[in-house]
Amino acid sequence: MSEKNSQRLIAFWIFLAFVVWIFAFRGFLSSKFDLTSDALSYYDHTKFFIENLAHGTYPLWDPYWYYGSPNDFFLRRIGAFNPFFFAILILKSIGVPYTLSYLWFLAAYYLGATIAFYLLAMRIYRDRFIAYAGFLMLLFSALGTRLFDSYMMLVTVPMIWFFYFLLAFCQTARKHFFLGMVLSLMILLGTYIPFYFLICLVFFMLLFFLIYFNQIPRVLGGFAVFFKENKILVLLSMMVLFISLLPAINFFQNSAHGQVVLPFRHGDAGLGQTLTVPHQTLDWGAVEDLMYSSYFSNLRLYKFAVVYVPFFSIVLFVLGFFGEITRLAVFVFLLIAALFCCIVPHGLLFYDFFYKHLFFLKYFRNLHFFIWFFLIPLFVLLVLEHWKIFTEMVRTNSHQKKLLLMYVFGVHLTVFLFVWYRNDAILSTYVMILLSLVFWSLMALKLLRANAWGFALLTLTILVQPLEVYHYFSLKANPHGSPYAYDFSYNSFKLNDNDPAKPAKVPSSKEMLYYTSGSYNFVFQNVSDLALKKYLQCKILLVDRLKLIDRAWVGPILQQNFLNSDNEAVIFDDVGKGIKSTGNDPHPSLKAQHVDNSFRGFKLLAFDANHLRFRLDVPYEKFLVYNDSYDPYWKVSINHIKAPLMQVNGAFKGIWVPAGKSIIEFSYGCWWQYAMNILLSIFAFIFLMGIIYYACFP
Amino acid sequence: MLVFLKFILTRTIVLYLACFLLIWRILDYNQFIDNAVNQTMSRLTPPMDYFTEFVDKENHFDRFKLMNCLNYHQEVAHFFPFQKAEAYGMLGFCYERLGQIPQAVASYKQAIALNADYFWPYYDLGVIFYKQTQYSQAESYLTQALGVNPVKTIVLLSRSKVYNDVNLSRQKGPLDYLQGLEDGRKEAYILLMLSKASQPHQQGAQSLEQYLKPRVRFF
């Protein structure tokens with residue numbers, strides 16, 4: 001078969017596999033089923049980001065998250081420099097609803113990673129059959145289910161692309177491979193926890209140096225030649241990579257100063273950095289995830305977060321047991337083993353040692369994510385290497401062929417007996433074993449080729465089991481009913497926050513908030529929910545007096561103030577000294593004045609995530625309280641003249657407003673924050689265009 | 001010999017075994033497994049509403065929930081030897097509701113083998129055999145049920161986390177184990193009489209059976 005035909009054939013089978021995958025997850029991809037767990041939060045914050053971008057705003061502040069929080073955390077989580085998010089915008093602009101746009105983007109993004117995996121396997125094995133099998137096993141692994149309950153893809157996808165570009169660049173130093181590496185790295189380093197990837201990269205490099213030491217001069221030589229020929233490109237890329245770390249560093253510093261807090265995550269990890277996590281949150285690790293998954297060996301019960309790779313991979317893994325070991329098998333296996341051993345906090349010494357001596361291990365938990373980020377793709381790669389090992393066992397001698405056939409039969413019989421003994425396998429498992437026996441027997445006899453029939457048999461063998469598994473999985477999915485939190489009309493400014501349909505932002509009972517501004521958390525923890533709920537129904541208040549209070553006593557006073565709607569605002573005495581404390585109203589009322597829809601002197605002029613501008617007409621000088629969290633990056637101006645902004649009522653923003661008509665403008669962020677984020681997004685886009693350009697016109 | 005040795009040492013499985021043995025050597029197995037078992041069991045515990053399939057519903061069970069409960073109790077029986085008897089009792093109950101009677105019988109028998117002073121598995125076996133019109137077997141198990149010291153069953157149930165989890169999920173509030181056992185013993189006695197008569201189609205027996213509606217129970 002010619003190379004062109006072969007490419008067409010593989011493109012067809014990849015397309016077909018993806019259609020089957022869409023069919024298996026059609027309930028989720030058509031929004032018939034709910035997103036759950038972390039996926040919900042990522043859906044919301046991506047929506048917020050994308051919709052703001054569409055309106056020309058780079059959202060550094062989220063006014064809807066617990067009465068205002070810096071949005072940097074969520075931008076880091078979603079990896080805001082990722083140029084592929086623009087696909088959602090494009091889909092939206094052609095009329096696809098946001099929910100579907102987002103879900104289809106996720107699906108396409110995931111497919112991209114599996115294609116990258118195929119390309120990676122092609123670079124390693126130069127065999128379309130093997131690479132296609134790897135593509136299928138990864139596509140139909142449990143990774144795909146995590147699109148709908150987690151955010152794994154945002155790390156896994158650029159990680160797979162990075163390693164593909166890295167390998168390709170090592171083999172042939174081309175510009176688009178280099179740019180691909182830079183873009184993947186940018187996306188990975190831009191996240192608030194790049195440590196998962198960095199740990200994997202360090203282990204990868206260490207083992208590479210150890211096992212492929214004789215290749216290193218060649219690889220480094222290739223790098224040096226490329227650098228000499230493309231100095232500007234390399235230096236510019238290095239500079240952009242460095243800049244892409246800055247938003248994460250800035251976020252890190254803000255959290256160190258208490259501007260943002262993560263009480264739920266931080267727990268009792270001590271008084272240090274709010275990003276640190278206590279050791280006990282590591283109790284659920286990779287071992288627990290695997291043990292938990294083993295409980296679902298009856299795949300009828302399959303659900304989210306259960307580790308699963310099509311069972312064909314196990315058969316293949318066993319088939320390669322008695323083949324001759326290869327360097328790549330040693331490399332991949334040791335990488336899996338080393339990563340696994342270093343992320344087990346109980347029973348092995350390594351993790352505790354690293355936890356004590358490596359600062360960044362204190363900043364992240366969820367060690368079981370390593371399984372999803374790295375170990376599943378690595379396992380599939382190891383299985384592919386077993387395929388290669390097995391094919392090297394195939395001989396032309398008829399006696400040896402018979403022996404090999406017996407070996408294939410023996411392996412399948414062993415697997416069959418194991419499955420049968422467990423007594424809980426689904427029907428498709430037995431079908432798969434049978435098809436696998438046929439497939440490997442034909443392979444042993446050298447009767448199977450990489451033609452349409454070969455691909456059809458391989459596809460059927462791998463997919464028969466996952467299709468049944470995902471059928472059971474869909475049966476248990478929650479139907480999509482009520483809108484998600486950010487599906488409400490969130491881009492509007494409301495003076496009254498008492499929309500009964502909207503989810504309550506003050507939880508009904510005291511709990512640890514996941515992420516919020518330090519100031520709001522302070523009030524939330526020191527004031528009853530009832531008082532806070534009552535107070536926060538109104539977005540803007542006018543009062544006549546300021547009361548200076550010691551921070552230690554502020555809780556009960558705020559509580560009283562909030563419940564009674566007193567005509568005064570509370571300010572901390574350590575920052576409020578010398579500040580004017582009363583207005584000039586000769587007959588001040590007992591209660592605070594609520595600026596609601598019936599208030600005639602208020603007119604909203606502009607509102608977006610980072611700004612609020614309105615006209616206010618008051619007969620006397622008043623102190624205005626804007627019930628949106630205070631943050632040092634907020635600035636305020638009255639009639640275009642900068643004015644001092646105060647932290648009032650524990651958490652919110654306040655300012656003295658003169659009598660008469662004024663135009664008041666609150667704005668968030670410094671120019672360099674916007675410049676840095678926008679510049680990085682532009683660079684990411686340029687790199688993407690560069691990859692496409694140099695790939696098409698090398 | 002050297003060729004053979006080289007052949008053996010260059011097999012992939014040898015690398016895996018060597019690596020496995022090395023990790024095993026440096027692994028603190030107890031610490032490793034204790035945390036994993038505790039954490040896993042804690043996550044595996046089905047939500048409260050799954051247990052209501054046991055206590056609040058007599059018909060129209062949610063198969064998926066029951067299967068989850070079944071798997072959970074299998075794991076309890078596997079990991080926690082001190083709760084094995086009750087776990088098998090619950091397993092028998094799940095199997096019976098799922099219509100898998102041979103597995104239910106085997107589980108109840110296993111529960112009895114693990115703790116002979118446990119009233120309910122005897123009773124449930126009696127009910128199953130009675131329903132299958134195997135009266136002599138039913139008679140045997142019901143006689144043994146009535147021979148069990150009720151205090152020992154009450155102590156077992158009161159101390160059991162397995163029972164506690166299920167009982168707490170009851171929407172109408174927790175059941176009184178003592179009252180349940182008293183009722184169970186009465187029903188066992190009536191069923192025993194019916195089994196002895198071995199003629200459930202007789203009018204008197206039929207009316208008794210109608211009144212009793214024999215069904216498996218676990219408290």
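1. Let's start with a term: a residue is buried if 20 or more other C-beta atoms lie within 10 Å of its own, exposed if 12 or fewer, and partly exposed in between, with C-beta atoms placed from the backbone. By that count, 42% of the 698 residues of chain A are buried. Keep in mind that this is a predicted model, where local features need pLDDT of at least 70 and side-chain atom pairs count only at pLDDT 80 or more, while totals for chains, interfaces and linings use all residues. As for labels, residues are numbered from 1 along each chain as its sequence is written, and chains are lettered from A and ligands numbered from 1 in the order in which they are written.

2. Now the overall look of chain A. Its secondary structure comes to 26 helices and 16 strands; these are DSSP runs numbered from the N terminus, with helices being H or I of at least four residues and strands E of at least two. The C-alpha atoms fill a box of roughly 110 × 60 × 55 Å along the principal axes.

3. How do parts of chain A that are apart in sequence meet? Two residues are in contact if their C-beta atoms, placed from the backbone, lie within 7 Å. Among contacts in chain A between residues at least 6 apart in sequence, 77% join residues at least 24 apart. Ile682(A) sits in helix H26 (residues 671-696) and is partly exposed, because it has 13 C-beta neighbours inside 10 Å.

4. Tyr67(A) has a positive phi of about 55° although it is not a glycine. You'll find Tyr67(A) in the loop between strand S1 (61-62) and strand S2 (69-70), and it counts as buried because it has 23 C-beta neighbours inside 10 Å. Ala305(A), also not a glycine, has a positive phi near 70°. Ala305(A) lies in the loop between H14 and helix H15 (312-319) of chain A, and with 17 other C-beta atoms within 10 Å it is partly exposed.

5. The axes of H15(A) and helix H20 (residues 427-444) of chain A come within 10 Å and cross at roughly 45°, so H15(A) is oblique to H20(A). Axes here are lines fitted to C-alpha atoms, for helices over the stretch in contact, and angles run from 0 to 180 degrees between N-to-C directions. Angles under 35 degrees count as roughly parallel, over 145 as roughly antiparallel, 65 to 115 as roughly perpendicular and the rest as oblique. On the H15(A) side, Phe312(A), Val315(A) and Leu319(A) meet Met432(A), Ile433(A), Ser436(A) and Trp440(A) in H20(A).

6. Finally, where the chains touch: 26 residues of chain A are in contact with 25 residues of chain B. Helices H14 (286-294) and H16 (327-342) of chain A each supply at least two residues of the side that touches chain B, and H16(A) gives the largest share, five residues.
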